[in-house]
Amino acid sequence: MEPRPAPLTFDSVDTAADFLLKRIAGPLHIGAPLGLGKPHRLLNALYARVESDTSRPLHLYTALSLDPPAGGKGLEGRFVKPFVERHFGADFPRLAYVQALKRNALPAHVEIEEFYLQSGAMLNSVPVQRRYASLNYTHVARALADRGLNAIVQKVARSPDGSRLSLSCNTDLTFDAVDAVVARGLPRPLLIAEVDPRLPWLGGSATVAPDYFDAIVTPPGPYPRLFGLPRQPVTDADYAIGFHASTLVVDGGTLQIGIGALADALCHALVLRHVDNEAYRDVLRALGSPRAEDDTLSPFERGLYGCSEMINEGFRRLVEVGVIKRRVVDDLAAMQRIERGGPSAHDLALLEQRGEFLHGAFYLGSPEFYAWMRDLPPDTRRAIGMRRVGEVNDLVGDIELERLQRRDARFFNTCMMATALGAATSDALEDGRVVSGVGGQYNFVAMAHALPDARSVLMVRSVRESGGRVTSNVVWNYGHTTIPRHLRDVYISEYGIADIRGRCDEDCVMAMTAIADVRFQQGLIDVARREGKLRANFALPATASRNTPERLAAALRPFHKSGALPDYPLGSDFTPVEQRLVKALAWLKSNTATRGAKLHTVWRALGAKALDREALERMDLASPQGFGERLEARLVSLALVESSRGS
């Protein structure tokens with residue numbers, strides 16, 4: 001293979017955009033990484049060139065086009081706007097094409113095709129819903145080759161000596177996409193890197209020589225902040241699900257988690273299991289877990305190996321406390337000896353020098369998470385390997401080696417709804433609109449069934465509330481399925497665990513009904529009997545009658561007061577006053593969801609006293625002007641009092 005020519009270098013994204021347009025004749029078929037690795041400024045420069053030029057059709061293939069919240073009017077706007085400016089920075093470059101998509105104003109000659117969306121953000125965007133591609137994460141590279149990908153733009157980190165570039169946050173698809181295109185006999189895509197000094201450096205398999213790219217642009221500072229996901233509070237239901245889930249994790253095993261409050265709760269439970277085992281068991285006892293006295297739920301001695309498409313806040317914490325520490329190497333003979341308990345001195349040296357305890361395909365988190373990634377100790381940095389998504393989300397290559405590395409794997413993901421017969425809805429609504437995407441969920445479910453000692457665990461909150469109406473998330477049937485019922489395995493709600501792998505339909509119905517909210521259990525039973533799936537004399541166990549949010553809140557209240565269950569277990573991006581306001585505004589939203597509730601709340605607010613001046617100042621309501629602002633101030637004051645009662 002002939003050496004590649006040295007890449008061209010630019011110090012302006014506008015110049016780099018001009019270079020791309022000159023090098024590619026005809027329609028642009030451009031790929032950009034999902035999430036953090038997307039070069040916002042370069043994409044905006046390119047979009048500005050083609051937005052009104054119908055002679056240059058643009059087809060952009062990407063996912064997770066992150067956009068800071070815009071706020072809104074009223075109390076939401078008062079809270080969100082100052083937070084967004086502080087958290088993201090006033091100079092954060094919002095993606096121009098995302099703003100056009102949200103307005104349904106994308107030019108006809110521009111198409112944006114995404115395979116995963118920022119959750120719930122694009123339900124009403126017609127161009128997004130039309131061009132959404134429902135793909136397993138591991139099938140995306142193949143689809144890009146099908147579409148004739150002719151360019152990739154990506155944000156990268158540069159080594160201190162300038163000799164290497166790191167794909168850092170997104171090793172997931174770039175390598176595979178290039179290989180897939182070339183394997184079709186098509187020209188290698190034009191690759192342009194945008195260097196971002198704020199992006200954490202990760203070495204090893206994440207790095208390439210500069211000539212991997214055709215051009216490298218290093219725009220001048222100041223450099224906008226990396227997109228930081230605001231960490232959300234963890235509720236009682238979230239904590240209950242996380243603690244039940246933690247009982248399935250085996251010391252010496254393998255862990256995959258997603259993102260969000262449920263994953264945060266699970267990670268906190270695993271941390272507590274390791275650092276304060278008695279407090280951990282006390283929470284399980286309060287939840288009525290049958291495993292509260294199980295001797296295997298001791299602190300982690302061997303530790304876990306993390307193998308997850310996404311590295312996030314939870315993994316940071318698990319590494320810090322020593323839960324994630326089981327190292328693996330890509331050496332079959334060595335792994336065989338290690339797992340049999342007879343490693344040689346060479347094997348132990350290999351583990352120490354080349355072993356890795358955490359593999360991921362991309363990472364995303366808070367500013368605190370990025371600071372941790374930037375300042376990793378050398379030994380920890382060496383133990384984190386960024387891989388292609390196919391290497392993380394699938395069993396490829398040496399299957400026996402991967403089975404040894406991924407022993408006792410537990411793949412934890414979240415779904416929106418689950419049916420009584422074991423199917424899951426995770427990514428879209430029954431009218432076809434996409435909430436997020438399949439991503440890697442199917443990959444991990446399939447892998448759990450392929451590995452001999454693995455389990456797929458789908459976590460689901462038992463109910464949801466909208467418009468003042470409470471609806472069950474455990475349903476008889478739903479008009480969209482993400483995971484089919486023949487792949488059913490383990491479901492967890494705040495009320496317990498339903499192990500339904502290989503179970504017959506009747507047993508599945510019984511197990512799923514037992515983890516449903518008590519208000520919806522009889523409805524499920526009645527339908528199951530009517531459809532011939534449940535015997536006439538079936539009765540739920542007595543413990544299922546305790547599946548109420550009130551009982552759950554009472555059970556966990558002492559642990560909130562003791563500090564064992566903090567509102568933000570992995571840290572918070574909100575100030576203390578903002579944390580109080582988050583709870584208050586959530587209370588207010590719940591208590592104004594219907595016309596009757598709204599009138600009642602407003603009536604109560606008229607007599608509310610301003611006891612938290614700091615919170616009112618944060619909302620710019622300390623000196624309200626006019627009736628509207630005075631009412632808002634009183635509503636906030638009432639909500640602050642009411643939301644603090646359970647603390």
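User: Why is the meeting of the Arg-433 and Asp-431 side chains called a salt bridge?

Analyst: The N to O distance between Arg-433 and Asp-431 is 2.9 Å. A salt bridge requires a side-chain nitrogen of Lys or Arg within 4 Å of a carboxyl oxygen of Asp or Glu, so this pair qualifies. The model is predicted: local features need pLDDT of at least 70, side-chain atom pairs count only at pLDDT 80 or more, and totals for chains, interfaces and linings use all residues. Residues are numbered from 1 along each chain as its sequence is written, and side-chain values use heavy atoms, with hydrogens and water left out.

User: What makes Arg-433 partly exposed?

Analyst: Its relative accessibility is 29%. Buried means under 20% relative accessible area and exposed over 50%, with partly exposed in between (1.4 Å probe, protein chains only); Arg-433 therefore falls in the middle class.

User: Why do Asp-294 and Arg-291 count as partly exposed?

Analyst: Asp-294 has 24% relative accessibility and Arg-291 has 25%, so each value belongs to the partly exposed class. These two residues form a salt bridge, with their closest N and O atoms 2.7 Å apart.

User: How do you know that Glu-402 and Arg-406 form a salt bridge?

Analyst: Their N to O distance is 3.9 Å, which meets the salt-bridge limit. Both Glu-402 and Arg-406 are buried. Salt bridges with shared partners also join Arg-231, Glu-313, Arg-316, Arg-317, Glu-320, Glu-368 and Asp-573 into one network.

**Aromatic rings**

User: Why is the pair of Phe-79 and Phe-574 called tilted?

Analyst: Rings of Phe, Tyr and Trp (its six-membered ring) pair if their centres lie within 6.5 Å; planes under 30 degrees apart count as stacked, over 60 as edge-to-face and the rest as tilted. Phe-79 and Phe-574 are 5.9 Å apart, centre to centre, with 50° between the planes, so the pair is tilted. Phe-79 lies in helix α3 and Phe-574 in the loop between α21 and α22, so the pair ties together parts that are 495 residues apart in sequence.

User: What makes the pair of Tyr-568 and Phe-574 edge-to-face?

Analyst: The planes of Tyr-568 and Phe-574 stand at 65°, with 6.2 Å between the ring centres. Tyr-568 is buried at 10% relative accessibility, and Phe-574 is buried at 8%. Ring pairs link Phe-79, Phe-83, Tyr-568 and Phe-574 into a cluster.

User: How do you know that Arg-618 lies over the face of Phe-79?

Analyst: Arg-618 is at 5.0 Å from the ring centre of Phe-79. The criterion is that NZ of Lys or CZ of Arg is within 6 Å of the ring centre and within 35 degrees of the ring normal.

**Strand and helix**

User: Why is strand β5 described as largely enclosed?

Analyst: In β5 (residues 151–158), 7 of the 8 residues are buried, so the rest of the structure largely encloses the strand. Strands (E, at least two residues) and helices (H or I, at least four) are DSSP runs, numbered from the N terminus.

User: What makes β5 and β7 a pair?

Analyst: Two strands pair if DSSP finds at least two bridges between them. β5 and β7 have 6 bridges, in the parallel sense, with Gln-154 opposite Ala-193.

User: Which residues of α20 are buried, and why are they said to line one face?

Analyst: The buried residues of α20 are Gln-521, Leu-524, Ile-525, Val-527 and Ala-528. They fall within an arc of 165° seen down the axis, so they line one face of the helix. That arc is taken from the directions from the helix axis to the C-beta atoms.
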